[in-house]
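Good morning, and thank you for making time for this.

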Amino acid sequence: MTRWAIVADLNLCVGCQTCTAACKHANATAPGVQWRKVLDFEAGVYPDVARAFIPVGCMHCEDPPCLDVCPTTATRKRDDGIVTIDYDLCIGCAYCAVACPYQARTRVDHRVAAYGGKAMRPEALREDPKRIGVAQKCTFCAGRIDFGRDNGLTPGIDPDATPACVSSCIASALHFGDLDDPDSTVSALLAGNRHFRMHEDLGTGPGFYYLWERGGADSAPLAPAPMVAEPAGLAAASPELQKSWDWRAAINFIAGGTGAGLFAATALAGLFAPFLWPAAVVALALVAAGLFFVWLEIGRPWRFINVYFHVRRSWMTREALAALAFFGFGAAGIWFLSPAAWLSAAAFGLVFLYCQAMILRAAKGIPAWRQAGIVPLIIATGLVEGVALFAILAVFVGSGPSMARGVLPVLIALVAARYGAWRRYRGALGRDGAPVHAFKALDRGLLTLCAPAQLAILALLAVAFVAPVFLSAGAALALATGWFFKFTLITRAAFNQGYGVARMPARGAGMSSPGIKPGWMVS
Amino acid sequence: MWHRAFTVSPDTPLTELIISFGANVEASGGVCGVKRHADARARGVRRIQVEPHLSVTGACSAQWVPIRPKTDPAFLFAMVHVALHEADRSALDIAFLKARTSSPYLVAPNGFYLRDKKTGKPLVWDLIAKKAVPFDRPRIDPALEGAFEVSGRETGPDDEFWDHRNATCRPAFDHLLTHMCTYTPEWAAAICDVPADTIRSVATRFLDHAHIGETIEIDGVTLPFRPVAISLGKTVNNGWGGYECCWARTLLACLVGGLEVPGGTLGTTVRLNRPADNRWSSVTPGPDGFMHYPMNPTAKGEWMASPASRHAHQTLVPLAANSPWSQALGPTHLAWMMQKQGLDHLPEPTPPDVWFVYRTNPAISFWDTGAVSDVMADFPFTVCFAYTHDETNHTADILLPECTDLEGLQLIRIGGSKYVEQFWNHQGFALRDPATKPQGEARDFTWIATQLARRTGLLEAYNAAINKGAAGVRLFGEGYDFSLRTDKEHGIEDIWDAVCRAASAEITDGADTQGLDYFREHGFRTRAFSVLQWYLYPALVEQGLRFELPYQERLLRIGRELGARLHEQGITWWDDQLKEYEPLPRWQDLPGKWERALSQHFDVSIADYPFWLLTARSMQYAWGANAGLQMIHEVADNIAGHGGIIMNPAAAQKLGLAEGDVVEVSSPLGKTEGAIVLRQGIRPDTLLMIGQFDHWVTPFAKDLKAPSMNALTPMLLGLSDATGSGADLVKVALRRIGPSP
């Protein structure tokens, strides 16, 4: 077997960006898009400061998070470990972009010329319309490797068969080769030097290694890089707010969760009281609206049917399938007033809700999303919102008021459960650590899932037992805090992983020093 | 001694320890420099970077020592002190000092060498015969230390002499010992803001790594092996303090016998001592057993009272020498300054009748760019080779659109050891063949040059110059002659075909004469270049020559003579510079010198300008001619500080400044604006602006709005040293304009 990998010798890298430029030329990436780049790191406090240059890009992981999440199978992994993107299959949902903890993927939605306006001759010559609106990233220059192999060349040895970044490196800091070949340069370098991989703790198995000290490889794992909440001048390496999913994606989580919860509440209530079909219609409409908004966000919307290609692994595919069943049984339930159909729709709605939670959980690139506690929290918020909206709708429809009072204990229990899920989620996030600004976003504002707002909701709902007029207020507040939370989670707390260095390298005869994980803290 | 930074290099392939004072070789050494130093790091070289900010080179070094700006001589003096007064004598290369330096020369009471009356040769004290003898007498053991009663003649400036009888004289080395006695690490610590222990440990490492007594065999020749070197950066060895640094840097190499030997400090190229193509041939005997050096004359009747160049380099700077390259080493800024205001007792300055500008943009890449632009706007006729609209060609009368390097044809010499970090085992020629068609109306340089020659009636002289080697290769030699007919206009390929043929002949000693087609097929052609030729030491030994260190009598003499000549002319404005002509330089308060010059010239309180502003070379922008390329800007942005003002976070906090805040940086001369970039790797009293770009016309670059120190750095006589050089250094104030945009 073959497993291609890059080894970067941090003792040698000078941050010249020749690899960055070579990659841009070899792959004709658009202005501002860098499949390969070299970050400028500093660790320590004056006068004890170390500075190092860290090449980054797609790590061609052993277990690539982008591969699992891709709903269309556009992202694949070759037998030799190279992770590829099929531009014809990709719908541009950017799920892979938020799943990648190395910020390696980008999507360009419009042609961009280096100097604005008209493209220069070389830009026009090499323009690739297939890349517009879809995910793109480093390919390890797979074309060069394949060309080389087909022509008797050895990747990693022959420049024409080696990734452009490696071939261009003026310091011989970058090396490419086959990890499964014990005689390859990369195998020898790893055997003879201490090394780390970025974000090793995430378990992605990157195919990109960083040498930080000469001498035999140490099998003892490195301690995690120290978190530094607000390091000076490391904005480019610190977590950034993801821009792939905006308010349209947030609406999908808000409306989808509420709709699924509402249908479940309506269906269950329908077992004990007349079926409140207008609420069911609202539920279907909410889920549909959420999906419509997220459809507006994808880069190649008319390829949306491709989303059904990856049921084996992608939670986005499963969400789409659950949505189909939800709409089918839901519509049938409303039309035929069939409890079996309601209940089936409710069940698929809950599956839909679970899929939404798992979509976030699988987004390994966003620390605030990938927490295990996000799953019960998203489900709890969906249920609270659904029941709360049901209660509000019930107040205004037919025999609803008594029905609303009937669901009051359920709502109180769910709000309490949601608060418990929030505490669990927030506690774990705080212990594990996350981007500083993610904490700031989650903890900011009045309408949060934190104790004051939730206690106020519970108080209002408790008072509603004796003064029903407070029910709507309590339910509305429960609804609002859930929506605000999800909007915050998707658009304000969704800071990506950023970059980290486990050890600052030894330079020449110098010593290595502690690394840094900039922009992170425990809280 | 005249080894300035741009020609001096550690023997990077062999050295073990490099102490680099602000030499940003990773950014300025080109591809070759990066590769050499990466290879050196891979084999475990220890580089200690002494500089106020943690540059790219500092990042790649084993240790960073943050030093207060312009105090490097104090650090170096303290290193010399440790070597002379704290280390055992066995830590020094005594044999080298005795045989290859001026250390044993006896110094007479007036500061000049004591000489043999008959021969005029400097005397040394022979420990075997216990008497003074000429330095070059065989089988002697000259004393380095002690005081001796001796007789002889002391020759001063302008042939003045004193005959001494039984005068007490000490060897130059003994004078050095006394001179460096007070320059302790503790003394330097207070000046440099670096702990004395750090200075002492750096000095000790230097001595420990020198491997005194060890040898290495290269191409069958046994040479000393001294794998320690010291590098100086541009701002360190330019302007006031440059002399002290160059002296101490080279002296330290001499103390351990590490000058021009494997592993040590090398000069790499020939700029002044001709011939330029062979370092060994450039070594010829000069006076007093030293290498010849073509100083500009200072003796009465020989001194050039009326300058032949606009910056008067032959008149003011004997050390700039008298060679085709010398003009570039003179006080360039005086040429610009004098266009506005002539200096007393020098001829009235005149603008050039025709000014050619080739691949340079001084309107944005000089000190006080506003003043420079004003001057060039008044030039009567300017011709610019042009690649884009820029700030200098903005006022040109004629633009000559020239091919870029990817579009033009040229044969280039490669290999050898010419220039810093060029350590090759081969030398020869490479063809730069057009990779793409020219854009627009751009023409190959050769075509433009030929047309200029033809249309100005200079075709014959032009062709003759090419025949003599103006295109890099002489077209005739023993057994071959590819000379062009001088009365005819030749095409681009015809010219380069002749050059290629001559190159083939030169490199094969006439055996082959293939032309352009051969180079087009093979790309380059080389032959072996002996590693031995990287070092001057064999040539010095062969001729029995010495380096004039530690004591520089010649400098003392020409300084006195120059002073006399200038004063005879009524010129007193160069008096401060004349004080630099010392045989053993003393520490002078360099930061204070800057502060005084600024406060006196601009009548300001220097306390209002609390920060030192420095610049650093950008690897991506190199000399800055590519600032108009979007791709370069994009990739350069990955390195911190481009386009901003780098500042220490603690210093910023004291002023209430945060990352990204837009500030105005002002010097007594001018102002610039930019965003704060916080980095721990900079001293709290220092600010840094990477690159120096003041573009206001160049497309794309003009929109970058990057701060530049050019408009802040004045051209002042008071900030020009005796060699006429100044430094990219100024004191500034900071004022917050607004938050991050």
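Predicted model: local features only at pLDDT ≥ 70, side-chain atom pairs only at ≥ 80, totals over all residues.

The buried ones are B:Thr332, B:His333, B:Leu334, B:Trp336, B:Met337, B:Met338 and B:Gln339, and what covers them includes helix H14 of chain B, residues 369–377.

Now let me turn to chain A as a whole. Its secondary structure comes to 17 helices and 15 strands. The radius of gyration of chain A is 26 Å, close to the 24 Å that the globule rule gives for 523 residues, so chain A is as compact as a globular protein of that length. Along the principal axes, the C-alpha atoms of chain A fill a box of roughly 80 × 50 × 45 Å, and buried residues make up 56% of the 523 residues in the chain. If we take the contacts in chain A between residues at least 6 apart in sequence, 70% of them join residues at least 24 apart.

How is chain A divided into domains? The assignment gives domain 1, residues 4–222, and domain 2, residues 247–491, and the C-alpha centres of these two domains of chain A lie 39 Å apart. Where they meet, 22 residues of domain 1 of chain A are in contact with 18 residues of domain 2 of chain A. On the domain 1 side, helix H2 (65–69) and helix H3 (95–99) of chain A each supply at least two residues, and by class that side has 15 nonpolar, four polar and three charged residues.

The crossing of H11(A) and H13(A) is right-handed. From H11(A) the contact is made by A:Leu353, A:Tyr354, A:Gln356, A:Ala357, A:Met358, A:Leu360 and A:Arg361, and from H13(A) by A:Ile374, A:Val375, A:Ile378, A:Ile379 and A:Gly382. By class, this contact has nine nonpolar, two polar and one charged residues.

Let me move on to where the two chains touch. The contact takes 42 residues from chain B and 37 residues from chain A. Several elements of chain B each supply at least two residues to its side, among them strand E3 (46–50), helix H23 (630–636) and strand E26 (671–678). Which element gives the most to that side? The answer is H2(B), with seven residues. The side of chain B that touches chain A divides into 24 nonpolar, ten polar and eight charged residues.

Within chain B, the assignment gives four entries: domain 1 (9–91 + 180–282), domain 2 (313–382), domain 3 (410–531) and domain 4 (590–738). The C-alpha centres of domain 1 and domain 4 of chain B lie 27 Å apart, and 22 residues of domain 1 of chain B are in contact with 25 residues of domain 4 of chain B.

I will finish with some details of the backbone. Most residues other than glycine have a negative phi, and most peptide bonds are trans. A cis peptide bond joins A:Tyr46 and A:Pro47, with omega about 5 degrees, and A:Pro47 is found in the loop between strand E2 (36–45) and strand E3 (48–57) of chain A. In chain B, the peptide bond from B:Leu549 to B:Pro550 is also cis, with omega near 5 degrees.

As for phi, B:Tyr419 is not a glycine, and yet its phi is positive, at about 85 degrees. B:Tyr419 is partly exposed, with 16 other C-beta atoms within 10 Å. B:Asp603, again not a glycine, has a positive phi of about 55 degrees. Is B:Asp603 buried or exposed? It counts as exposed, with 8 C-beta neighbours inside 10 Å.

Methods. Residues numbered from 1 in each chain as written. Chains lettered and ligands numbered in written order. Helix = DSSP H or I, 4+ residues; strand = E, 2+ residues; numbered from the N terminus. Rg over C-alpha atoms; globule rule 2.2 N^0.38 Å. Buried ≥ 20, exposed ≤ 12 C-beta atoms within 10 Å, placed from the backbone. Contact = placed C-beta atoms within 7 Å. Left-handed = near helix turned anticlockwise from the far one by under 90°. Nonpolar A, V, L, I, M, F, W, Y, C, P; charged D, E, K, R; others polar. Domains from an automatic or database assignment.
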